Amino acid sequence: MTDPTYEFTRAITRRPSASISDGLRAKDIGTPDLDQMLKDHAHYVATLKKTGAEVIELPALDDFPDAVFVEDTALCLPRGAVLMRPGASSRMGEVAHMAPALRDQYDDLREISGPGHIEGGDILVTGREILVGRSDRTDAAGVAELAEIVREWGHNLREVFTPPGVLHFKTDCSLLDGETILSTRRLDASGCFEGYRVLHVADGEEAAANSIRFNQFVLMPAGFPRTSEMLSNAGYDVVEINNSECAKLDGGMSCLSLRF
């Protein structure tokens, strides 16, 4: 039996659009290069496929510059999926475009009806619970509505808090296996991971915290050598993928796929 926290048979991705330069960003650190992003995205998809998983590749959505970051639109669990209600108004329409793909995969598809907001980037599913970080994009009402839904499927949900100035909870953490979390020191200091095995990214390499464990691989952004070495020494099979262009839009490894 597979571990649903990091062993997957399918993933959904979406091709970056030509409108990507209009994507949201907390701080302007440059305009994304579409050609480079397409190359990096192809490497990402190829790595997922290398594990033997089926990758459902959706077309670009020119009307939604941030639609490449599919993780924010839904939460995929073994018994069902939940369509999110993004906290950024410009991204609300992405959910309707994701719904048909998920209906093809799930018999039980729910949705956050509001008035609260919640994005997938704030949700970390571990071997024992679902952690949801409150942030500028995820509020208390959104967390409460999700808690009611997943309770029906046998999941415990625990609300935690994203550090000030950090876009999403998973900007600062990721799951390495059912009981092991990769985290920044600032997030771990909050105590939200008590009882878990926590590995810290190297100081100055905080952006490496947004990695993903997908079957046998840990996909992490390139350019963080000390964190990469630490993970390799801990026994993980690391694949580094250039993330320079997604980073200009506050995006990372987890943002680029829905995994189930």
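Predicted model: local features only at pLDDT ≥ 70, side-chain atom pairs only at ≥ 80, totals over all residues.
**Exercise 1.** What parts of the chain does the salt bridge between Glu152 and Arg110 tie together?

*Solution.* 
- Start with the contact. The closest N and O atoms of Glu152 and Arg110 are 3.1 Å apart.
- Apply the cut-off. A salt bridge needs the nitrogen within 4 Å of the carboxyl oxygen, so the pair qualifies.
- Place the residues. Glu152 is in helix H3 (residues 140-152) and Arg110 in strand S5 (residues 109-111), so the bridge joins parts 42 residues apart in sequence.
- Check accessibility. Arg110 has a relative accessible area of 23%, which makes Arg110 partly exposed.
- The structure holds 16 salt bridges.

**Exercise 2.** Locate Arg128 and Glu179, and state how they meet.

*Solution.* 
- Take the contact. Their side chains form a salt bridge, at 2.3 Å from N to O.
- Locate both ends. Arg128 sits in the loop between strand S6 (123-125) and strand S7 (130-134), and Glu179 in the loop between strand S9 (173-177) and strand S10 (180-183), so this pair links parts 51 residues apart in sequence.
- Arg128 is partly exposed at 37%. Glu179 is partly exposed at 36%.

**Exercise 3.** Which residues are linked with Lys170 in a network of salt bridges?

*Solution.* 
- Read off the network. Lys170 is linked with Glu71 and Arg259.

**Exercise 4.** Describe the backbone at Pro115, Asn215 and Asp250.

*Solution.* 
- Most residues other than glycine have a negative phi, and most peptide bonds are trans.
- Take Pro115. The peptide bond from Gly114 to Pro115 is cis, with omega near 15 degrees. Pro115 lies in the loop between S5 and S6.
- Take Asn215. Its phi is positive, about 55 degrees. Asn215 is in the loop between S12 and strand S13 (217-221). Asn215 is buried at 12%.
- Take Asp250. Its phi is positive, near 65 degrees. Asp250 is in the loop between helix H6 (244-247) and strand S15 (258-259). Asp250 is partly exposed at 28%.

Conventions: Residues numbered from 1 in each chain as written. Heavy atoms only, no water. Helix = DSSP H or I, 4+ residues; strand = E, 2+ residues; numbered from the N terminus. Buried < 20%, exposed > 50% of the residue type's maximum accessible area, 1.4 Å probe, protein only.
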